[in-house]
Amino acid sequence: MTIKEGDLVLFIYKGKRELRKVIRRVRRGEYFHTHLGTICHDDVIGLEWGSSIKTSTGGSILVLKPTLSDLMEQIPRRTQIIYPKDAAFMIIKSGISPGSLVVEGGTGSGSLTLCLSFAVGESGLVVSYETNKDFLKLASRNLKRFGVKNVVLKNKDIRDLDEKEVDAIFLDIGNPWDVFEQAHLALKPGGTICCFVPSYEQMRKVVLSAKDNGFGVAEVYEVLLREYEVDERRTRPKPWMIGHTGFIIIMRKIIDSDGQQSQIT
Ligand SMILES: C[S@@+](CC[C@H](N)C(=O)[O-])C[C@H]1O[C@@H](n2cnc3c(N)ncnc32)[C@H](O)[C@@H]1O
């Protein structure tokens with residue numbers, strides 16, 4: 001498949017120390033400027049994905065289709081965001097799939113929203129709540145830039161969530177326990193609630209208060225990821241890594257045989 005006008009393209013080229021990665025939507029008549037020279041978008045349109053192209057001064061630039069992880073790395077942000085390592089794990093553990101109805105709070109910069117949108121696909125829906133208007137505007141711009149169409153953004157507190165028969169709820173807010181009562185009503189029986197919190201104190205409070213609110217089978221994780229560098233001379237872990245992002249807590253809505261809130265230890 002070749003690159004079409006309007007596609008998002010990932011340009012990769014040599015920086016001073018590391019490879020540089022920039023995402024642009026290609027449009028006829030526009031240019032991409034780098035320290036290695038300029039390329040005209042017209043020369044990119046019609047190329048095979050994965051091609052290498054020469055700049056005006058002879059530099060080489062690789063053009064690739066951006067992955068979800070590339071998009072997340074480049075997302076303009078004004079809040080702490082969920083990283084690919086955590087988002088991938090949260091989504092797999094949540095059990096959501098194409099067609100699912102998912103509720104999120106808060107939207108922040110929209111990084112997790114973007115992943116949830118990919119996971120539920122065109123037949124699914126993500127409803128995301130954010131109290132801060134400025135963050136919501138940024139998230140809305142980010143999602144529009146990436147062509148997302150299956151997300152509804154609400155400038156509203158998630159404690160007042162409107163949805164019912166929800167497959168999964170994702171909470172990346174400071175006080176997720178304040179939403180448990182409403183979340184229990186909104187979720188389908190057996191539905192998943194997934195909380196992301198940065199501190200041990202929050203993690204304990206999530207697990208203990210969730211038990212009192214009809215959630216069970218809590219699983220708590222921290223995802224640690226180490227990247228390696230491999231070349232002709234040596235193979236070793238990269239000297240830096242993301243030390244800590246947060247704890248992931250996955251729980252299920254439990255009911256008794258009368259459909260009432262229930263508890264399991
Ligand atoms: C850490 S950020 C979320 C980042 C987001 N997960 C991402 O990947 O970009 C937390 C957000 O939750 C919002 N927030 C906090 N409490 C909220 C609530 N009760 N309802 C809706 N949004 C809330 C904050 O304004 C903030 O933007």
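Which residues are closest to the ligand, and how many surround it? In this predicted model, local features need pLDDT of at least 70 and side-chain atom pairs count only at pLDDT 80 or more, while totals for chains, interfaces and linings use all residues. Residues are numbered from 1 along each chain as its sequence is written. The ligand is surrounded by 21 residues, and Gly-106, Gly-108, Ser-111, Asp-172 and Ile-173 are the closest; a residue is near a molecule if its C-beta atom, placed from the backbone, lies within 6 Å of it. The shell consists of seven nonpolar, 10 polar and four charged residues. Here Ala, Val, Leu, Ile, Met, Phe, Trp, Tyr, Cys and Pro count as nonpolar, Asp, Glu, Lys and Arg as charged, and the others, Gly among them, as polar.

Strands (E, at least two residues) and helices (H or I, at least four) are DSSP runs, numbered from the N terminus. Strands of a sheet pair through backbone hydrogen bonds, either parallel or antiparallel. Two strands pair if DSSP finds at least two bridges between them. Seven strands form an open sheet with mixed pairing, in the order β9-β8-β7-β10-β11-β15-β12. Axes are lines fitted to C-alpha atoms, for helices over the stretch in contact, and angles run from 0 to 180 degrees between N-to-C directions. Within the sheet, β7 (residues 101-105) and β10 (residues 166-171) run parallel and are joined by four bridges, with Val-102 having Ala-168 in β10 as its bridge partner. Helix α7 (residues 200-211) packs on the sheet and touches β11 (187-197), β12 and β15 (247-253). The direction of α7 makes about 165° with that of β12.

Strand β6 (residues 60-64) pairs with β1 (residues 8-14) in the antiparallel sense over three bridges, and β5 (residues 51-54) runs antiparallel to β6 with four bridges. Phe-11 has Val-63 in β6 as its bridge partner, and Ile-53 stands opposite Ile-61.

The largest nonpolar core has 54 residues. Such a core is a set of buried Ala, Val, Leu, Ile, Met, Phe, Trp, Tyr and Cys residues joined through C-beta atoms within 7 Å, where buried means that 20 or more other C-beta atoms lie within 10 Å of the residue's own, with C-beta atoms placed from the backbone. Val-102 and Leu-116 are among the residues that touch the most other members. A second, separate core of 10 residues includes Tyr-13, Val-26, Val-44 and Ile-61.

Technical notes. Two residues are in contact if their C-beta atoms, placed from the backbone, lie within 7 Å. A residue is buried if 20 or more other C-beta atoms lie within 10 Å of its own, exposed if 12 or fewer, and partly exposed in between; C-beta atoms are placed from the backbone.
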